[in-house]
Amino acid sequence: MRLSRYLLPTTRENPSDAEIVSHRLMIRSGMIRKVAAGIYDYLPLGLRVLRKVENIIREEMNRAGAIELLMPVVLPSELWRESGRWDLYGKELLRFRDRGEREFCLGPTHEEVITDIVRKEVRSYRQLPLNLYQIQTKFRDEIRPRFGLMRGREFIMKDAYSFDADDAGADRSYQAMFDAYTRIFSRMGLKFKAVEADTGAIGGSSSHEFMVIAESGEDEIVSCGKCDYAANVELAKVDEGTLGKAGPDIPAVQEVHTPGMRTIEEVSSYLDATPERMIKTLIFDADSEKVVVLSRGDRTINEVKVKNYLGADWIELADEESVREVTGSSAGFAGPVGLKAKILADRSVLQIENGITGANRDDYHYINVLVGRDFDADVYGDFRVIESGDSCPACYGNITFSRGIEVGHIFKLGTKYSRAMNAVYLGKEGKEKVMVMGCYGIGVGRTVAAAIEQNHDDDGPVFPISIAPFEVAVVPLNMKNEKVRGAAETIYGGLLSSGVEVVIDDREERPGIKFKDADLIGIPFRVVVGKSLTKEGKIEIRERAGGLTTAV
RNA sequence: CGGGACGUAGCGCAGUCUGGUAGCGCACUUGCCUUGGGAGCAAGGGGUCGCCGGUUCAAGUCCGGCCGUCCCGACCA
């Protein structure tokens with residue numbers, strides 16, 4: 001490829017709307033351009049990197065026995081109604097009608113469609129297991145798209161779906177994908193970690209996220225230094241250790257005046273107590289029911305755990321009106337004493353020997369509150385977020401926290417979709433059985449962004465050769481010098497005919513611009529033809545990563 | 001959706017407070033010069049100042065409405 005004939009709109013300035021490195025560099029290097037919020041053009045250079053990533057994914061999926069197909073982007077509402085997700089998926093599902101007023105949506109994921117295919121085309125246990133995948137454009141109408149390709153609304157995703165005769169088979173399929181993902185991200189030169197994760201809107205029994213370790217990651221993960229436990233903090237189990245015992249001689253509950261004191265900090269400092277003595281009381285709307293959740297004042301309640309415990313489809317912190325409905329007071333004065341509601345208590349509450357909590361009356365709190373004596377929860381369990389200071393829930397080792405970018409997510413779906421949509425097969429014994437499913441996604445564009453987040457310097461991305469847009473850049477420094485130009489053309493032609501992905505920067509630009517651009521687009525090797533050729537008959541080969549230069 | 005900010009040439013910005021016929025840097029075109037880390041000189045081209053309405057002799061600037069974009073939060077694969 002000749003840069004003089006290529007579309008490579010590099011910029012010197014950072015775009016004003018890009019916050020993180022990968023977004024800035026993808027714009028500056030001319031890989032992508034924004035069309036609308038969360039919607040991007042892939043310019044030629046960006047597309048080349050995208051294709052590299054896709055091809056690695058494709059090779060490893062095929063190697064793992066998965067089969068590629070392609071499903072539509074526009075999906076009829078009927079299939080989504082069958083699974084129940086037409087009503088549950090919410091505003092992220094972009095819906096519209098065709099000229100005949102039939103309802104459609106843009107596909108955010110394809111469990112329904114693939115299950116429809118398989119239930120129609122697969123009849124016998126002899127056809128199982130089956131793993132089908134596609135690499136295709138998805139649309140999710142995100143509340144807040146951000147960071148370029150990191151969280152777009154339209155994005156390219158590899159999604160695979162496995163169908164097995166039984167749980168044991170499904171476990172094997174899951175493990176095969178786990179291994180394939182490990183190979184995929186390794187081949188891209190990424191530092192990553194597979195962590196236990198919540199299944200969210202996709203559902204199913206368990207899942208792992210593949211996290212590329214990077215400070216700019218939107219997810220926080222916890223991992224153990226001693227064993228191989230690693231999990232997303234939104235799901236990581238908390239082992240509370242030894243629980244405190246109620247003190248025997250706590251005086252009776254007493255109401256105290258706390259005018260305008262709503263937060264843990266305000267109340268604890270007003271009453272000269274530590275936050276550890278507060279009983280934090282939050283009201284949630286979960287599906288159509290209202291639930292009270294308690295934790296120690298210094299702990300953070302984990303909505304995901306509450307939601308999963310309740311088996312709810314959605315959950316949110318109750319608004320002022322709902323809080324008053326449940327407690328009779330405004331937010332900030334809620335407490336479990338005397339409350340008639342479903343109460344879930346994190347076990348950290350059991351450690352409080354002499355508690356302080358809201359009195360369910362504006363401007364009043366209770367002191368001397370004792371669990372079991374003054375109130376009792378319906379259940380005591382793990383409802384809080386893991387924090388530094390907690391120990392590993394698997395081995396009690398020390399845990400560390402880091403941030404990650406979720407580039408892949410694999411799920412054991414069980415029979416959630418196959419049962420709802422009647423995807424059955426005839427077993428050996430001639431009996432009809434429900435297929436057991438798994439699904440496996442990789443965000444292709446996000447993986448490119450993650451690779452840049454993890455590997456870059458001040459001048460641009462440092463791509464590993466496996467995903468670089470080109471392998472070699474031949475850079476003649478003076479296009480007017482016939483000798484320089486001729487040698488560069490010879491090298492370019494030679495590399496080209498031996499199958500190397502090579503560009504020649506044959507633009508009439510000065511050396512500085514050519515060097516900066518070569519670095520900015522992240523080409524792993526640069527062949528410089530300049531003065532050293534005319535003076536010593538040498539060219540230079542320079543590695544983008546590390547900057548090692550060799551004269552040849 | 002709550003909070004905050006922004007919208008002026010392809011990009012980055014000034015001008016808006018205090019109304020008077022739109023400017024700077026980069027990029028682009030032409031010429032000269034230069035060729036080892038985003039050179040220099042000269043001459044050019046490029047703008048419905050986000051949109052609609054209002055106030056005014058006069059609106060990029062003041063007022064109202066709308067749209068778009070970004071950040072924080074909530075939410076989310």
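Predicted model: local features only at pLDDT ≥ 70, side-chain atom pairs only at ≥ 80, totals over all residues.
Chain A comes out with an average pLDDT of 92, and 99% of the residues score at least 70. For the model as a whole, ipTM is 0.94 and pTM is 0.93.

Take the helix pair to begin with. Helix H2, spanning residues 44-63, packs against helix H11, residues 444-454, with 9 Å between their axes. The angle between the two is about 110 degrees, and since angles from 65 to 115 degrees count as roughly perpendicular, that is the label for H2 relative to H11. On the H2 side, the residues that meet H11 are Val49, Leu50, Val53 and Glu54; their counterparts in H11 are Val444, Gly445, Thr447 and Val448. Sorted by class, the contact is made up of 5 nonpolar, 2 polar and 1 charged residues.

Then there is helix H9, which runs over residues 320-327. Val323, Val326 and Thr327 are buried here. They sit on the same side of H9, because the arc they cover around the axis is only 80 degrees. Just after H9 comes glycine 328, whose phi is positive, at about 80 degrees.

Note on methods. Residues numbered from 1 in each chain as written. Chains lettered and ligands numbered in written order. Axes fitted to C-alpha atoms, helices over the stretch in contact; angles between N-to-C directions. Helix = DSSP H or I, 4+ residues; strand = E, 2+ residues; numbered from the N terminus. Parallel < 35°, antiparallel > 145°, perpendicular 65-115°, else oblique. Contact = placed C-beta atoms within 7 Å. Nonpolar A, V, L, I, M, F, W, Y, C, P; charged D, E, K, R; others polar. Buried ≥ 20, exposed ≤ 12 C-beta atoms within 10 Å, placed from the backbone. Arc of directions from axis to C-beta. pLDDT = per-residue confidence, 0-100.
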